[in-house]
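Dear colleague,

Please find below the sequence and structure that I am handing over to you. My notes on what was found follow directly after them.

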Amino acid sequence: MNDGLEFYKLVNYSGLTTCRFNIFQVQLRYLKAGGESFILPEKVLPLSVYNPSDDSIGVHKLITMPDKAETFTLPVPSHYLLECFLYQGSAEVLFKTVDPALPILQIDCYFSLGCSVSTISTMSQNIPKLEPEQKFGGLLLYFSARLNPQQLKNLNFVKGAKLCVIARDREQLREEILRLDLEENWRFRFRDEFKTSSKDKPIYFLTGTHV
């Protein structure tokens, strides 16, 4: 697991207040000193950044299928693009058929899934503290290295609950499916695998349904 990501999650669950910046703007000022002449550098154009409120880019363009000959990409960090998709597309795509009264369980991570999707976030070691009778309408896993198969079997997912497993690459994605023995209670299809539409190092995820 990435050390930076691990630190972020530990800080987040410790209750400390954190501040995150998605966009930075830098202003350069050049001063003439010592009577010497200098050449003013060319103007640096700002990098184009995807705006989540931009309606011209549909939510389905934020992701693509790994083996699809796709030419549309966005010059946006993959993690930020993933966050935008989860915020915009959870109710519309990922958890569309889930009963709104049932929360989505996020283990070892937290993403905003939009205003219409309720969620419960917990660390894997705190799973025993969850209410035994609590039913969940979905499960979201993100680099859950500490999670083990037995912990998942003790959770109560309704039939038809949705699953989203996120990993750095396709190899790790398959390793997580096997390590957590997800195929026993969840159904997957090849067309349910996606990646972010970022130019560099896309993040992969697989969706499934509880049987």
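Four helices and seven strands make up the secondary structure of the protein. Followed along the sequence, they come in the order α-β-α-β-β-β-α-β-α-β-β. Please bear in mind that this is a predicted model.

On confidence, the mean pLDDT of the protein is 79, and 74% of its residues reach 70 or more. Strand E7 (residues 204-210) has the highest confidence, with a mean of 93, while helix H1 (residues 3-13) has the lowest, with a mean of 58. Over residues 44-48 the pLDDT falls below 50, and this stretch has one contact in the model beyond near neighbours in sequence. Where pLDDT is low, the predicted coordinates should not be read in detail.

As to the protein as a whole, 41% of its 211 residues are buried. The accessible surface is about 13500 Å², and carbon and sulfur atoms account for 54% of that surface. Of the contacts between residues at least 6 apart in sequence, 66% link residues that are at least 24 apart.

Strand pairing

Strand E5 (residues 156-167) is paired with strand E4 (residues 135-142) through seven bridges, and these two strands run parallel. E5 is also joined to E7, here by six bridges and in an antiparallel arrangement. Cys164 of E5 can be followed across both pairings: its bridge partner Leu140 is one side of the picture, and Thr207 in E7, which stands opposite Cys164, is the other.

Thr196 belongs to strand E6 (residues 186-196). Is Thr196 buried or exposed? With a relative accessible area of 2%, Thr196 falls under the 20% limit and is therefore classed as buried. The side chain of Thr196 makes a polar contact of 3.0 Å with the side chain of Ser198. Apart from neighbours within four places in sequence, the residues in contact with Thr196 are Leu62, Ile63, Ser78, Leu81, Leu82, Pro202 and Ile203.

Ser90 lies in helix H2 (residues 78-94). Ser90 is counted as buried because its relative accessibility is 0%. Which backbone oxygen lies 2.4 Å from a polar atom of the Ser90 side chain? It is the backbone oxygen of Leu86. Once neighbours within four places in sequence are set aside, Ser90 is in contact with Phe85, Phe95, Lys96, Leu113 and Val117.

Ile120 is located in strand E3 (residues 119-122). The relative accessible area of Ile120 is 25%, which lies between the limits of 20% and 50%, so this residue is partly exposed. Leaving out neighbours within four places in sequence, Ile120 is in contact with Pro103, Ile104, Leu105, Gln106, Leu130, Gln134 and Phe136. One of these partners, Phe136, falls within the residue range of strand E4 (residues 135-142). Tyr110 is ten residues away from Ile120 along the chain, and the C-alpha atoms of the two are separated by 8.6 Å.

With kind regards

Technical notes: Residues are numbered from 1 along each chain as its sequence is written. This is a predicted model: local features need pLDDT of at least 70, side-chain atom pairs count only at pLDDT 80 or more; totals for chains, interfaces and linings use all residues. Side-chain values use heavy atoms; hydrogens and water are left out. Buried means under 20% relative accessible area, exposed over 50%, partly exposed in between (1.4 Å probe, protein chains only). A polar contact is a pair of N or O atoms within 3.5 Å; within protein, one must be able to donate a hydrogen and the other to accept it, and residues adjacent in sequence count only if both atoms are side-chain atoms. Contact means heavy atoms within 4.5 Å. Two strands pair if DSSP finds at least two bridges between them. pLDDT is the predictor's confidence in each residue, from 0 to 100. Accessible areas come from the Shrake-Rupley method with a 1.4 Å probe; for residues, only the protein chains shown count as cover.
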